[in-house]
Amino acid sequence: VKGGGLFGAGVLLLFVTAQVAAVAISPAEAGMGHLQKIMYVHVPAAWSAFFAFGVVFGASLSYLFRRRETHDLLAASAAEVGVVLTGLTLALGSIWGRPTWGVWWTWDPRLTSTAVLFVIFAGYLALRSFVEDPGQRGRWAAAVGILGFLNVPIVYMSVRWWRTLHQPSSSPATVDDPYVWGLRMNAVAFVVLAIYLMRRRHQTLVLERRLEALEEERALAGGGIRAGGGVHV
Amino acid sequence: MSDWPWVIAAYSLTWVLLGIYTLRIGRRLARARAEWNREAILPGAEASGRTGSERRTDATSNEAEA
């Protein structure tokens, strides 16, 4: 618990420092003025969501090959964090879009593919809540998680493949020097925050699963059947 | 119109959404830990160094032998 508290305090400090430094020090951009500062939360939120969905992909593959329930629970934790961060990305994009494009939303390829990504992983979470059998839930969720991740490169490449209102991907290669370090710092802060959130969700899911297994074991013992030793997660 | 209200709205949304989510999962983890401590570690299990689950498995084995 102490280690977790220290990690949490470190994440908070990094998050505050990165945002305050980027907002306070970066100059107003020639075209967008101070609206550019939204980039420091919008872009890192999108990158950290991609990172989270990458974890879903890796953990789901690992679950299908090795069948360790902890990998399924890690995928579930990462999917939930990814959905929150994708929702935040879409909302921040709207706040940026209204003053720059004049609309809150448009069916642009980048926006649409991001919305599809959000719906796929919201569906992934809904699927998990519908299926009761842990084995079946794990297999089905892993399939959706792996297929859902295939949309991430489509979202990333959408601004190159199609004519789009959205500007090219913001990265140190496409952003001017005064803004690069702020973007990098906030990207690191968001990814570290995503790791922290995934870790806590994973710890919770493991405990909840163990409690479920304990209840099953109790029910079996109560019915005069020898318990099988529970679930190892 | 000034840019700042949009910037403030974006950062406020970020903090409110991530703040609520972080607190929510923190509470859920605390609840799961408390429940685990209450349910899985029966009184006396700490002293024997075994969890309630292990003690129950022993009990069912003894019942089966009897």
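This is a predicted model: local features need pLDDT of at least 70, side-chain atom pairs count only at pLDDT 80 or more; totals for chains, interfaces and linings use all residues.
Residues are numbered from 1 along each chain as its sequence is written, chains are lettered from A in the order in which they are written, and side-chain values use heavy atoms, with hydrogens and water left out.

Select chain A and colour by secondary structure: there are seven helices and zero strands, taken as DSSP runs (H or I, at least four residues, for helices; E, at least two, for strands). The C-alpha trace of chain A spans about 75 × 40 × 25 Å along its principal axes.

Next, select the residues of chain A in contact with chain B (heavy atoms within 4.5 Å); 42 residues of chain A touch 29 residues of chain B. The buried area, which is the accessible area (1.4 Å probe) that the two parts lose on being put together, summed over both, is about 3,600 Å², with carbon and sulfur atoms giving 71%. Now pick out A:Leu207, A:Leu211 and A:Arg218, which supply 15% of the area that chain A buries against chain B, more than any other three residues.

Then show the side chains of B:Arg28 and A:Glu208, which meet in a salt bridge at 2.9 Å, N to O; the rule (a side-chain nitrogen of Lys or Arg within 4 Å of a carboxyl oxygen of Asp or Glu) finds two across this interface. Finally, select helix 1 (2-25), helix 2 (39-66), helix 3 (69-101) and helix 7 (177-222) of chain A, the elements that give two or more residues to the side touching chain B; helix 7 gives the most, with 16 residues.
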